[in-house]
Each structure stands twice: as structure tokens, then as C-alpha cells.
Amino acid sequence: MEDFKSNPDFQGITPFRSKVWLSSPTMHGEEQWWVDQAIQSNWVSTVGENIDEIERVMAEILGVKHAVALSAGTAALHLATKLAGEKLYGQARPDRGVLWNRKVFCSDLTFDASINPVAYEDGEAVFIDTEYDTWNMSPAALEKAFEQYPETRLIVLAHLYGTPGKMEEIKKIADEHDALIVEDAAESLGAKYKLNGQWVETGTLGRYNAVSFNGNKIITGSSGGMFFTDSREDADKVRKWSTQSREAAPWYQHEEIGYNYRMSNIVAGIVRGQIPYLQEHIEQKKEIYRRYQEGLKDLPVSMNPFDVSRSQPNFWLSCMLIDEAAMAMHCRGEKEELWIHESGKASPGEILDALAAFGAEGRPIWKPMHMQPVYRTNPFVTAAGNGRGRSNAYIRGTGVDVGADIFRRGLCLPSDNKMTAGQQEVVIDIIHRCFR
Ligand SMILES: Cc1ncc(COP(=O)(O)O)c(C=O)c1O
């Protein structure tokens, strides 16, 4: 790694005394109180008042009928995906996933936890390319995927970095093909979307929906997640599956495969203390985004975009995209990378290394799922059709892969809501110096 501290371009920048995080937990005090209540009353288990209360309040905030508190967003997504598979294709044998031999259309530019449950259930993820307007699933690519695989009935999609995708278009396409949606709102809790003229919360836009309370999310329980649905019967099923699928018998009797996925009452206590601060955290993150927008406007870069008229992101992570003409050389292998400084240009690798050298944490954009070694043989569909096997040694410019392009030119900026305006000024200054 280059020694930025002795580089004259970075002269005068002093390293941060305490690390500036990408996004770290922000505690307020009430969390401790609710955790203490759980311990004092000895409800130190996966049952208790904190769990009941956060299920009630979260359902109310989102405007959905039922919420089930689970051990992680990943657990919520697994049970959401399994439930959708069971609705569509019926119960599976205990040794076989419900999506066995089925294809599922999945967001491509996301964390793998969004779509791994498809594989847990023996299904095949078909990755749908991204669009530039919101960095989420492209409706045009989804249409192409239905042309290619018309029998597909399930869509799993995420809202990247807290920015809602084009849900009106996607829901219309899903309805036309009688397909169900599993919505991964892990990163977008509190974000709103205008659906058919009405503002609704992300986490309510699919048939089955999930959020995460992981330590880096907009509010946290240290871990944890939640499943949302309007169906009482489906919520009961998820609650049953999450507690080992026990039947009403004096002994442990099992008609179905179960999981140990329920949230702990201790974790729920932390979530309970955080919920009143959701809006405050969103406002802080929004201000961080605004300051970056202002501070970076003279550089050849743009911020992660959103549809102003139809969405209100929660601004969980601020990101930037370097203009193609200002991209310096940056090569990524499977696990290592190499970048070269070029005058007037910069690359995500250079900027992230420079920030790290002074004690600030950024992160590359999620590497698209269709590029991941584990999913390299899965189908991938772009707005132009099949995204696999399109390159050709003898023809230039064969096909656009939007996700790969955003991964190549983009990066997540330090977005911690405890970052001060002064610290952010230094972050912005470091980014400017990378372009010298
Ligand atoms: C888009 C997305 N989906 C799913 C998850 C998984 O959530 P959890 O860590 O709570 O299992 C995360 C984050 O962790 C995420 O960012």
C-alpha cells in the first residue's frame, strides 16, 4: 500500500484520532434499560416482553399486520423464501428444499445473504442486472428474464444501501407473470416509496419481507432480523418454523423441519431501545449524504442516485461513482487488487486506501452475485437479454453489465452517524487529493 502520510499531495492531513467508521452502532441508553429489565425478570430466552413489544411496534411503524422477530435478517430471508416456495410449489420432502429444480429471479448487486436462501432451498438463482437510476434490480432486465424463463414465479429483491428500487414497475411485471416477491429491506428500514400515488414503507412491498438489525444497520439489536407479512397464517408458520417446528403434543413432535431462528429477548431489548431513534438516525444519514453531495460536486463523480419524486431513502450508506473519464487504472483479481495513481484521476482502490491510511473506513460496492465464484455458473440476464457468453474476441462492446460497472467505478463512503461535520470535511479533502 502506498505511504499516503509521506505523500506531498496529502501534506497537512492528520490521521483521525478515533476511527471514522463506515456505519457503526449508535446507542442511546434505553437499550441498556430494556436489557436490564429482561435480566432482572429472568426472561433471558427467546420469549419475553421485549420481543412482543418490538413485533407490535415495528408492524405499526411499517403499516403491516404481522411481524416476527428472528435471530438475523438472513433467517428472516430464509423463512420468507421458503414460505414463498411452499406457497408456489407445495411442501417439500424433509431432505429436499422447496425450490428444488426451480429458478428464482434475484437482485444481482447486493449482499449474498439476500439470495443465498434460494440455494439453501435447492433453487437456482437467476441474477437480474441492475439499473443506473437507483442501483437496484432493472425492470427491463426482469422483463427479459421472464421472456427467457417464463415458468419462473418468484422474485427476491433488495433495496441497495437504503434506496428503494423501481417497485411500481417491478410489481406490475410480477403481477403480469403471477409471481411472488420476497423483499429484502435489510438496508432500507425506514425508507419510503410512492406506490400508485401512496407513500409506503420498504419492508411491506413484497408478499414476504425482511429487515436486519445487524450491528451496522440504521438501527441495531447487535444482531437480529424481522419478518413481515399481512397474513396471520403465514406469520404463525414462520414463528413455528423459527422455534423448531414443534407440534401441540406433550413430547417434542415434528411434522415439519424446524430451525432455531427466534430472536433473543436480550437482543430484542436493544432493538426496543433503538426504535425511538430510527427517524433521528435517518436524518443524520441524510445530512451526511447532503454534505458529500455538496463537498464532492466539483469532482468528476456522482452520488448513489435515487428517484426524488417516488422515493425517500433512509440514506444508510452514502456512495459515489467515479466518471468513466476520471477512472485511474485499477485491477481486481479474485482476492487482491492493484491501482496506479494517474494525475487528475482516481480509482475506488486508491480512495479506499487513502481513507484507511488516515483512519476512515469505506468499502467497495457489493461485488455482483453473477461475478461471485460460487454463483459463476448461474444464469445472468441484462436489459439486452442473456448476460452470459456475450463477449467475443472479434467484436467490441458486446453488452452492458451495469452491476459490474457500478462495482468497478463505485465505493461506499464513511457514513457513520457519529461522524462529525469536521471529520467529514477531512474525508472529502482526502478524496479531493486523490484526484490531484
Ligand atoms: C442486503 C442485505 N441483505 C441481508 C443482510 C443480512 O442481514 P443479517 O446480517 O441480519 O443476517 C444484510 C446485512 O447484513 C444486507 O445488507
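Predicted model: local features only at pLDDT ≥ 70, side-chain atom pairs only at ≥ 80, totals over all residues.
Let me begin with the domains. The assignment divides the chain into domain 1, made of 4-24 + 278-384 + 398-434, and domain 2, which covers 30-276. Taken over C-alpha atoms, the centres of domain 1 and domain 2 are 27 Å apart. Where these domains touch, domain 1 contributes 35 residues and domain 2 contributes 41 residues. On the domain 1 side, the elements that supply two or more residues are helix 9 (278-295), strand 11 (311-312), strand 16 (380-382) and helix 11, and the residues of that side comprise 20 nonpolar, 12 polar and 3 charged.

Turning to the sheet, we have an open arrangement of 9 strands with mixed pairing, in the order 1-9-8-5-4-2-3-16-17. Its edges are formed by strand 1 (66-70) and strand 17 (385-386), each of which pairs on one side only. Within this sheet, strand 2 (residues 103-107) runs parallel to strand 3 (residues 124-128), the two being joined over 5 bridges, and Ser107 has Ile128 of strand 3 as its bridge partner.

Ile128 brings us to the core. The largest nonpolar core holds 118 residues, and those touching the most other members are Leu70, Ala80, Cys106, Ile128, Met226 and Phe227. Helix 3 (residues 73-89) gives the most to this core, namely 7 residues, and both domain 1 and domain 2 supply at least three residues each. In soluble globular proteins, nonpolar side chains do tend to be buried together. If we take Leu70 and set aside its neighbours within four places in sequence, its contacts are Ala75, Ala76, Gly225, Met226, Phe227, Ser242, Tyr261, Arg262 and Met263.

Now, how many residues of helix 10 are buried? In helix 10 (residues 348-357), 7 of the 10 residues are buried, so that the helix is mostly covered. The buried residues are Pro348, Gly349, Glu350, Ile351, Leu352, Ala354 and Leu355, and among the elements covering them are strand 13 (330-332), strand 14 (337-339), helix 11 (402-409) and helix 12 (421-434). Just after helix 10, Gly359 adopts a positive phi of about 95 degrees.

Finally, the ligand. There are 14 residues around the ligand, of which Ala72, Gly73, Thr74, Ala186 and Ser212 come nearest, and the shell as a whole is made up of 5 nonpolar, 7 polar and 2 charged residues.

Notes. Residues numbered from 1 in each chain as written. Near = placed C-beta within 6 Å. Nonpolar A, V, L, I, M, F, W, Y, C, P; charged D, E, K, R; others polar. Core = buried A, V, L, I, M, F, W, Y, C linked by C-beta atoms within 7 Å. Buried ≥ 20, exposed ≤ 12 C-beta atoms within 10 Å, placed from the backbone. Helix = DSSP H or I, 4+ residues; strand = E, 2+ residues; numbered from the N terminus. Domains from an automatic or database assignment. Contact = placed C-beta atoms within 7 Å. Pairing = 2+ DSSP bridges.
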